[in-house]
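Here is a brief report on one protein model.

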Amino acid sequence: QISAREAMTTEAHFLRDVETYLTVMSFDDRIEAIRSSSSDPPFTHISLDVINDPMYDCKSLGLTVSSRPADWRKAVRLAVTEVMKLREFGINKDELRLIKSMYLKNVEDDAEQNDTFPSEEWLDDVMGCDSMNHTFQDKRQELAMVKRCLKLVTLETVNKCCKELTDAVANILTDESSAGILLSGPIDPSSSP
């Protein structure tokens, strides 16, 4: 699904972004649990993607599924099932506690490296923020903002975000006018003319 790009200029915008990130992390964590519990999962990769794209001046949301050619139907079915579970039931308090902790650890690790980031990465960050009308923050400032936002995040607000994001993905499957589905696969040399 494609919608208007969202600039991050206030703490409320950043809070919404944190809730979105926690939702994506919870989905990724569930997919990883399926992968690690199966000796032969039907997918090679599944992700819920939320991208603010300055080049096209939009925000896009999608579900990416990769698999072996013979397993694509199973992989898509599994991905859609997990989206629908997240939509219907949200996440529980233990999942929220875990993903908040993981997210904070990732941001703390980045903040520790604040003074060692290459100039090219800083330049990319500054240019990205400028093109998106975001407020630029270095990694320490981002850590401070994340800590404030994580105190405000509740199970209710994250589950509301889960529902909104997964509603959009569910609409991809039911409303042909709002989004598209792209299936691609390897070229079969035997089918060439």
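A contact here means heavy atoms within 4.5 Å. With that cut-off, residues 24 or more positions apart account for 71% of the protein's contacts with a separation of 6 or more. The model is predicted: local features need pLDDT of at least 70, side-chain atom pairs count only at pLDDT 80 or more, and totals for chains, interfaces and linings use all residues. Residues are numbered from 1 along each chain as its sequence is written, and side-chain values use heavy atoms, with hydrogens and water left out.

**Overall fold**

The protein has six helices and three strands. Their order from the N terminus is β-α-β-β-α-α-α-α-α. These elements are DSSP runs numbered from the N terminus: helices are H or I with at least four residues, strands are E with at least two. Of the 193 residues, 32% are buried. Buried stands for under 20% relative accessible area, exposed for over 50%, and partly exposed for the range in between (1.4 Å probe, protein chains only). The protein exposes about 12,000 Å², and carbon and sulfur atoms supply 54% of that area. Accessible areas come from the Shrake-Rupley method with a 1.4 Å probe; for residues, only the protein chains shown count as cover.

Two packed helices are described by the angle between their axes and the distance between the axes. Axes are lines fitted to C-alpha atoms, for helices over the stretch in contact, and angles run from 0 to 180 degrees between N-to-C directions. The table gives two pairs.

| Helix pair | Axis distance | Angle |
|---|---|---|
| α1 (residues 11-37) and α5 (residues 139-152) | within 9 Å | roughly 75° |
| α1 and α3 (residues 93-112) | 10 Å | about 110° |

The angle makes α1 roughly perpendicular to α5. Likewise, α1 is roughly perpendicular to α3. Angles under 35 degrees count as roughly parallel, over 145 as roughly antiparallel, 65 to 115 as roughly perpendicular and the rest as oblique.

Which residues join α1 to α5? Helix α1 brings Glu11, Phe14, Leu15, Val18 and Leu22; helix α5 brings Glu142, Met145, Val146, Arg148, Cys149, Leu150 and Leu152. By class, this contact holds nine nonpolar, no polar and three charged residues. Ala, Val, Leu, Ile, Met, Phe, Trp, Tyr, Cys and Pro count as nonpolar, Asp, Glu, Lys and Arg as charged, and the others, Gly among them, as polar.

Towards α3, helix α1 uses Val18, Tyr21, Leu22, Met25, Ser26, Asp29 and Arg30. Their partners in α3 are Glu95, Leu96, Leu98, Ile99, Lys100, Met102 and Tyr103. The classes here are nine nonpolar, one polar and four charged.

**Helix α2**

Helix α2 (residues 72-89) has 18 residues. From first C-alpha to last, α2 reaches 25 Å, close to the 26 Å expected at 1.5 Å a residue. The expected span is 1.5 Å times one less than the number of residues. Its buried residues include Ala75, Leu78, Val80 and Leu86. Just after α2, Gly90 takes a positive phi of about 65°.

Ser66 sits in strand β3 (residues 58-66). It counts as partly exposed because its relative accessibility is 28%. Leaving out residues up to four places away in sequence, Ser66 touches Phe43, Thr44 and His45.

Arg68 lies in the loop between β3 and α2. Its relative accessibility is 35%, so Arg68 is partly exposed. Beyond neighbours within four places in sequence, Arg68 contacts Asp40, Pro41 and Pro42. Arg68 and Phe43 are 25 residues apart along the chain, with 6.9 Å between their C-alpha atoms.
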